[in-house]
Amino acid sequence: MKLYLKIWRQKDASTPGKIVDYTLEGVEGDMSFLEMLDILNEELVSKGEEPVEFDHDCREGICGTCSLQINGEPHGPDRLVTTCQLHMRKFNDGDTIVIEPFRATAFPVIKDLIVDRSAFERIQQAGGYISVNTSGNTIDANSIPINKYDADEAMDAATCIGCGACVAACKNASAMLFTSAKVSQFALLPQGRVEATERVQSMVRQMDLEGFGNCTNTGACEVECPKGISLTNIARMNREYLSATSKG
Amino acid sequence: MGILDSKIPSGPLADKWTKHKNDINLVNPANKRNIDIIVVGTGLAGGAAAATLAELGYNVKTFCYQDSPRRAHSIAAQGGINAAKNYQGDGDSNYRLFYDTIKGGDYRSREGNVYRLAEVSGNIIDQCVAQGVPFAREYGGMLDNRSFGGVLVSRTFYAKGQTGQQLLLGAYSAMNRQINRGKIQAYNRHEMMDLVLVDGKARGIIARDLVSGEIERHSAHAVVLATGGYGNVFFLSTNAMGSNVMAAWRAHRKGAFFANPCFTQIHPTCIPVSGDHQSKLTLMSESLRNDGRIWVPKKKEDAIAIREGKLKPTELAEEDRDYYLERRYPAFGNLVPRDVASRAAKERCDAGYGVNKTGEAVFLDFASAIKRYGKEKALTSGLKNPDEKTIIKLGEEVIEAKYGNLFQMYEKIVDQNPYKTPMMIYPAVHYTMGGLWVDYNLQTTIPGCYCAGEANFSDHGANRLGASALMQGLADGYFVLPYTIGDYLSDDIRTGAIPTDSKEFDEAEQQVRDRMAKLMGGSGIHSVDYYHKKLGKIMWNKCGMARNAKDLESAITEISELRKDFWENVKVTGSIDSKNQELEKAGRVADFLELGELFAKDALHRNESCGGHFREEYQTEEGEALRDDKNFKYVAAWEYTNEPKDAKLHKEDLVYENIELKTRSYK
């Protein structure tokens with residue numbers, strides 16, 4: 001198929017960017033979206049032009065490196081997939097595709113389609129852990145039975161890949177879905193309860209400091225999340241936060 | 001051969017590690033504050049080591065090329081992690097895990113290392129649960145297990161099909177705790193460009209900030225390389241696009257021996273190649289072989305009809321299917337080790353029974369598991385005499401709960417529903433058992449340069465068993481390296497900070513700058529990917545699942561010529577002093593072009609078949625691997641000279657005091 005691409009090009013963080021038009025032929029349905037961009041880049045390199053830079057690594061939907069706002073949607077039109085798992089069979093011959101970086105104040109553009117998501121790092125560093133030493137001298141793994149329902153729900157929250165699609169999907173650029181997924185994982189497990197009060201306060205404080213917006217419950221994040229992280233996590237985080245702050 | 005002293009402690013196998021820990025020197029907590037350690041790579045091994053070292057009190061700097069430590073490729077491991085917990089009461093023990101691993105590795109790994117691995121495996125599970133890793137549980141609240149290839153017990157712990165992700169996030173959270181305390185400085189989007197030696201000791205690295213392009217100097221009292229495997233030398237592999245050998249290869253060029261490079265794992269269950277545009281291959285977890293049955297048609301005409309789309313696999317009668325693993329290996333069936341399963345798939349496809357349009361795919365079929373689970377579920381749900389449709393519906397639900405994310409991934413890539421029609425799979429490069437040579441302390445042949453996880457060669461011999469990579473990565477990082485490195489650092493308590501304005505740092509930085517300038521200065525005929533793909537083709541065709549002397553000899557010549565062409569004619573766009581993904585790739589491919597040659601040389605010199613290394617000249621009448629213990633019961637550790645083909649061989653004899661060497665049989 002033949003595609004008309006409109007791609008955001010930006011030299012670096014301090015230079016203004018713009019949309020540049022490219023036409024690409026010979027795209028097949030079995031190609032992934034990133035393989036389509038690989039072909040474009042091979043063409044650009046062969047002409048001596050600088051290729052379009054984009055973040056990617058595992059190309060199997062788990063590392064959370066790839067991003068891209070495709071026709072206005074984070075990770076494109078398909079559901080429950082990252083951009084690297086999006087296949088060109090979802091598009092038609094002659095389509096125009098607009099490709100932009102994830103847009104949020106807290107995610108400044110580094111180059112072309114690459115954004116800086118280190119704000120997520122700092123939220124995790126603020127409290128996204130259980131304070132246990134890694135000596136291995138803990139109790140036997142089976143000495144605290146955990147209800148399967150809670151363990152499964154903790155796992156569902158823990159599947160977040162930290163890609164930032166939730167932020168890019170949100171009209172307020174809120175990071176509530178991301179932050180609440182980590183808060184929920186630990187809040188649901190007995191090991192995590194010990195520090196639950198401090199954790200939720202520290203992580204929310206850092207989230208606010210980074211300049212993410214607030215949640216107005218539109219649910220766009222849940223729809224666009226490639227891992228199907230549920231909005232319930234935000235409700236749980238709000239509950240945790242409320243009870244933490246009311247305890248003083 | 002004094003230099004290749006493995007330093008395995010004396011004494012009975014089960015006491016070696018405890019004894020060693022009691023014998024080695026410690027650094028007192030106040031002195032640890034004066035010691036700096038660099039950890040390159042932040043996957044399971046590097047992340048776990050960084051967190052633990054910082055917790056102990058050392059000043060740690062971590063480096064990763066990704067934008068976050070959480071994105072290291074350990075994250076993609078699916079199926080699980082082994083531990084000899086014997087929670088299932090099926091007779092598991094440290095000894096059994098040790099024995100399975102040595103046998104699975106085709107008797108090419110060290111007894112002492114492997115026993116230590118088995119010994120600490122249980123601690124890993126305890127540790128991870130304490131960190132909040134949400135492993136799968138049974139209804140009674142206890143941890144669940146599944147089976148993996150090459151063993152007869154159920155010892156694999158898992159978190160859906162995302163075990164690597166959950167374990168890595170556990171290590172990452174331990175790192176974050178230390179970053180928050182200021183004990184780890186994390187340098188993300190940074191690449192190690194070279195190792196710096198001062199007075200023969202590893203004392204720092206030259207790194208490139210991948211955003212600004214700036215070249216930086218970082219010093220330390222010891223350097224830990226935990227930079228993963230080199231599977232991307234094949235271009236197409238299940239590794240991440242950025243996975244590379246650069247850090248290990250730079251260390252190799254500075255004096256670290258590279259061991260057993262030809263021991264590479266080709267994983268049997270990957271999604272087949274669909275076309276020339278393909279950039280990477282996707283694994284389907286080995287755990288699927290718990291329930292999936294592997295087959296091809298018995299008759300060639302049926303295979304041809306399926307390839308041409310004239311016959312559906314579901315229409316083929318049971319008696320017309322060849323469940324070749326169950327036929328050839330009745331004791332282990334579909335759960336034979338990876339090397340055996342991969343070769344068997346290749347054998348059937350080479351014989352003309354492949355089932356996709358390229359003829360390079362076999363079926364992985366869940367129909368009988370769906371029926372089996374459906375019947376069981378119907379019974380436990382109180383349904384009497386359920387109809388076929390209900391059974392299948394219930395069975396599909398059970399399969400979805402177990403492997404849902406894998407099935408979804410398959411469907412997205414292949415555009416077929418694996419609940420309704422069998423999956424198509426084919427072997428692909430997945431893991432590298434070879435790597436930097438290390439002693440029992442995980443120290444390379446460069447003093448102060450340590451190597452952990454997949455990047456070292458140590459524990460898996462010639463073939464790794466499923467769910468053992470995660471085990472080794474975390475064992476090295478959490479429980480081995482933090483102890484052993486203290487022994488070395490106890491000499492450094494009075495050294496003080498290592499200055500970065502020395503001539504050694506000047507020289508190393510200059511070399512890095514010259515190399516980049518040379519990469520940018522090619523005549524500009526071909527792109528970096530052009531060379532990488534060409535190298536990959538040579539590797540796959542001549543150093544892949546089956547190798548022979550003639551092909552390996554020609555591979556050495558071809559790679560050497562390709563490398564020369566690369567340095568003369570590669571085209572790298574952009575500039576050195578800015579974000580430049582083409583330059584990043586070029587540096588990595590340049591090193592793959594050297595490693596590939598050493599790989600072929602190693603494969604050529606090893607005149608035997610063992611584990612993942614199958615030489616066509618050395619096989620039994622039934623086509624099984626024919627090992628030669630008399631001549632090759634050693635680790636081949638290569639010393640860099642100048643050209644990889646001239647590398648100098650050092651041998652470490654493998655001593656078996658507790659296990660009798662046997663022909664590996666899974667029949």
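I take two strands as paired if DSSP finds at least two bridges between them. Strands (E, at least two residues) and helices (H or I, at least four) are DSSP runs, numbered from the N terminus.

**Entry 1, ground rules.** I note that this is a predicted model, where local features need pLDDT of at least 70, side-chain atom pairs count only at pLDDT 80 or more, and totals for chains, interfaces and linings use all residues. Residues are numbered from 1 along each chain as its sequence is written, while chains are lettered from A and ligands numbered from 1 in the order in which they are written.

**Entry 2, the sheet in chain A.** I looked up a bridge and found that Ile70(A) has Ile99(A) in S5(A) as its partner. The strands concerned, S3 (residues 69-70) and S5 (residues 96-100) of chain A, pair in the antiparallel sense over two bridges. They belong to an open sheet of five strands in chain A with mixed pairing, in the order S2-S1-S5-S3-S4. Strand S2 (18-24) and strand S4 (73-74) of chain A are at the edges with a single partner strand each, so one side of each has no neighbour in the sheet.

I count nine helices and seven strands in chain A. Its C-alpha trace spans about 60 × 35 × 35 Å along the principal axes. Of its 248 residues, 54% are buried, meaning that 20 or more other C-beta atoms, placed from the backbone, lie within 10 Å of the residue's own.

I checked H2(A) and found eight of its ten residues buried, so it is largely enclosed by the rest of the structure. Among the buried ones are Phe120(A), Glu121(A) and Ile123(A). The buried residues of H2(A) pack against H5 and helix H7 (196-209) of chain A, and against helix H6 (163-180) of chain B.

I find 67 residues of chain A in contact with 67 residues of chain B; contact means C-beta atoms, placed from the backbone, within 7 Å. H1(A) gives the most to chain A's side, with seven residues. That side divides into 25 nonpolar, 23 polar and 19 charged residues. Here Ala, Val, Leu, Ile, Met, Phe, Trp, Tyr, Cys and Pro count as nonpolar, Asp, Glu, Lys and Arg as charged, and the others, Gly among them, as polar.

I looked up Leu436(B). Leaving aside neighbours within four places in sequence, Leu436(B) is in contact with residues including Leu225(B), His252(B), Phe258(B) and Cys451(B).

Note on methods
Buried ≥ 20, exposed ≤ 12 C-beta atoms within 10 Å, placed from the backbone. Contact = placed C-beta atoms within 7 Å.
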